[in-house]
Amino acid sequence: MSEKVEIRTILKDWRLHVLVLLIVVLTEFIGQISIPVGPGAILLLPMLYALAIGFALYFTPVVSKRQSKNAEPLIVMGVGVLIAKIGVVIGPQIEDLIAVGPALILQELGNLGTILIALPVAIWLGMKRESVGMTHSIGREPNVGLIMDRYGFDSPEGRGVMTMYIFGTVFGAIFLGLLAGILATVTPLNPLSFALASGVGSGSMMAAGSGTLIAAYPELESQIIALAGASNLISLATGLYVSMLIGLPLANKIYALMNKNKGQGE
């Protein structure tokens with residue numbers, strides 16, 4: 001009963017809905033902006049403006065703490081609608097998904113690159129155990145749960161994973177949208193490969209990455225949505241197990257090895 005009352009209260013927060021509507025109208029009015037970069041371009045989409053404007057308004061009196069709290073469940077509802085749309089699009093594209101073959105399954109191993117690249121850099125910068133929480137995965141909800149279960153909320157690893165969770169929530173979609181736009185237009189790689197790479201296990205990041213690709217290659221819209229959506233769903237389903245069985249043990253092994261060598265060097 002309390003949950004129903006809470007949802008009803010959120011839906012009655014008309015100031016929040018009006019503010020969101022104004023942001024949407026403003027960003028759609030601005031439209032897509034293309035910044036030429038060599039042979040390609042950086043594509044700035046309305047979703048990126050909306051994230052930036054919403055983030056800026058949070059630090060002003062325009063948005064109250066209550067409205068900020070009320071907005072959190074609305075994100076889940078919005079992602080739910082997005083996933084439903086993805087499911088409808090995936091059906092007709094099932095033959096293309098089958099044709100992708102093992103790449104659709106093995107793409108989850110690409111997330112381990114954060115360990116092999118970011119963890120050594122973090123250690124060289126002087127970070128301690130928090131670097132394991134920060135780099136063992138992309139730091140979304142399943143990964144946060146794994147770290148909290150293993151080490152606890154107040155542990156260095158817990159602080160590390162929460163740092164990346166917050167950073168990814170604020171800047172992840174912007175980063176992935178810009179990265180997908182640059183790489184897809186500058187490199188000779190097939191844009192559908194970047195659609196697969198957009199499915200990192202985050203609905204907002206996947207939407208930003210695939211949205212940029214669709215803007216650059218509108219003729220491939222159905223295939224991009226299908227591949228990005230399927231990749232994202234697989235990442236959500238398998239990401240926790242990859243982190244639990246491979247990512248976290250590998251991060252701990254590299255951390256122990258590098259700190260052992262560092263101690264010998266000193």
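**View 1. A polar contact of 2.7 Å joins the side chains of E157 and R129.** A polar contact here is a pair of N or O atoms within 3.5 Å, where within protein one atom must be able to donate a hydrogen and the other to accept it, and where residues adjacent in sequence count only if both atoms are side-chain atoms. The model is predicted, and local features need pLDDT of at least 70, side-chain atom pairs count only at pLDDT 80 or more, and totals for chains, interfaces and linings use all residues. Residues are numbered from 1 along each chain as its sequence is written, and side-chain values use heavy atoms, with hydrogens and water left out. R129 and E157 also form a salt bridge, with the closest N and O atoms 2.7 Å apart; the term stands for a side-chain nitrogen of Lys or Arg within 4 Å of a carboxyl oxygen of Asp or Glu. This pair links distant parts of the chain, 28 residues apart, with R129 in the loop between α7 (113-124) and α8 (130-135) and E157 in helix α10. The structure holds 1 salt bridge.

View 2. E157 counts as buried because its relative accessible area is 6%, whereas R129, at 22%, counts as partly exposed; buried means under 20% relative accessible area, exposed over 50%, and partly exposed in between (1.4 Å probe, protein chains only). Not counting residues up to four places away in sequence, E157 touches R129, E130, V132, G133, I147 and Y151, a contact being heavy atoms within 4.5 Å.

**View 3. A nonpolar surface patch made by F55, Y58, F59, F167 and F171.** The patch covers about 540 Å², and α3 (46-58) and α10 each supply at least two of its residues. Patches are made of residues with over 30% relative accessible area and no salt bridge, like charges being joined within 9 Å and nonpolar side chains (Val, Leu, Ile, Met, Phe, Trp, Tyr) within 5 Å. F59 is found in the loop between α3 and α4 (65-90) and is exposed, with a relative accessible area of 58%. T60 is found in the loop between α3 and α4 and is partly exposed, at 29% relative accessible area; a polar atom of the T60 side chain lies 2.7 Å from the backbone oxygen of L57.

**View 4. Helix α12 (residues 203-216) and its buried residue L213.** Helices (H or I, at least four residues) and strands (E, at least two) are DSSP runs, numbered from the N terminus. At 1.5 Å a residue, the 14 residues of α12 should span 20 Å, and the end C-alpha atoms are 20 Å apart, which agrees; the expected span is 1.5 Å times one less than the number of residues. Of these 14 residues, 10 are buried, among them M205, M206, L213 and I214. L213 has a relative accessibility of 1% and therefore counts as buried. Leaving aside neighbours within four places in sequence, L213 is in contact with A180, A184, P191, F194, A195, S198 and I224. The C-alpha atoms of L213 and I224, which are 11 residues apart along the chain, are separated by 7.4 Å.

Notes: Areas by Shrake-Rupley, 256 points an atom, 1.4 Å probe, with all protein chains shown as cover.
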